[in-house]
Amino acid sequence: MARVSLLLIVLSIALVAPSQGFLKDLLFGEAKTALLEDGTTEILDHVCNFRVMPRLRSWELYFRGDVWCPGWTVIKGESLTRSRTRVVNKAVADFAQKALAQGLITQEDAQPLLE
């Protein structure tokens, strides 16, 4: 919640002082860094990486999530959602759908990841 508050403060400052381009870039850069997250998760006994990145679309905050599993497959799961808490889960579900379509995993393996 603190990160969202920080972003709202940054957006307010940027809207009030649009002529300060360098300040706007600096503040958006700080907000993006504060909301960016990298980590690992386990998918079917494979260690996979994820990244969450904030995006602004029409002045609304969205989150983009990516999931990939180096050493297992080149498939990349992706998601774009307004929900910060569900973005990784949606990227994992996209990864599972792509892996299922390519025959890498079975329907039984994919089912828990799709829920």
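The paragraphs below go through these topics one after another.

This is a predicted model, in which local features need pLDDT of at least 70, side-chain atom pairs count only at pLDDT 80 or more, and totals for chains, interfaces and linings use all residues. Residues are numbered from 1 along each chain as its sequence is written, and side-chain values use heavy atoms, with hydrogens and water left out.

Strand β3 (residues 60-68) and β4 run antiparallel and are joined by six bridges, where pairing requires at least two DSSP bridges between two strands; R64 stands opposite L80 in β4. Helices (H or I, at least four residues) and strands (E, at least two) are DSSP runs, numbered from the N terminus. In a regular strand the side chains alternate between the two faces of the sheet. In strand β4 (residues 76-81), G77, S79 and T81 form the covered face, while K76, E78 and L80 form the uncovered one.

The structure holds one disulfide, a term for a pair of cysteine sulfur atoms within 2.5 Å. It joins C48 to C69, with S to S at 1.9 Å. Because C48 lies in strand β2 (residues 46-57) and C69 in the loop between β3 and β4, the pair ties together parts that are 21 residues apart in sequence. Both C48 and C69 are buried, that is, under 20% relative accessible area with a 1.4 Å probe, protein chains only, against over 50% for exposed and partly exposed in between.

F95 also counts as buried, at 1% relative accessibility.
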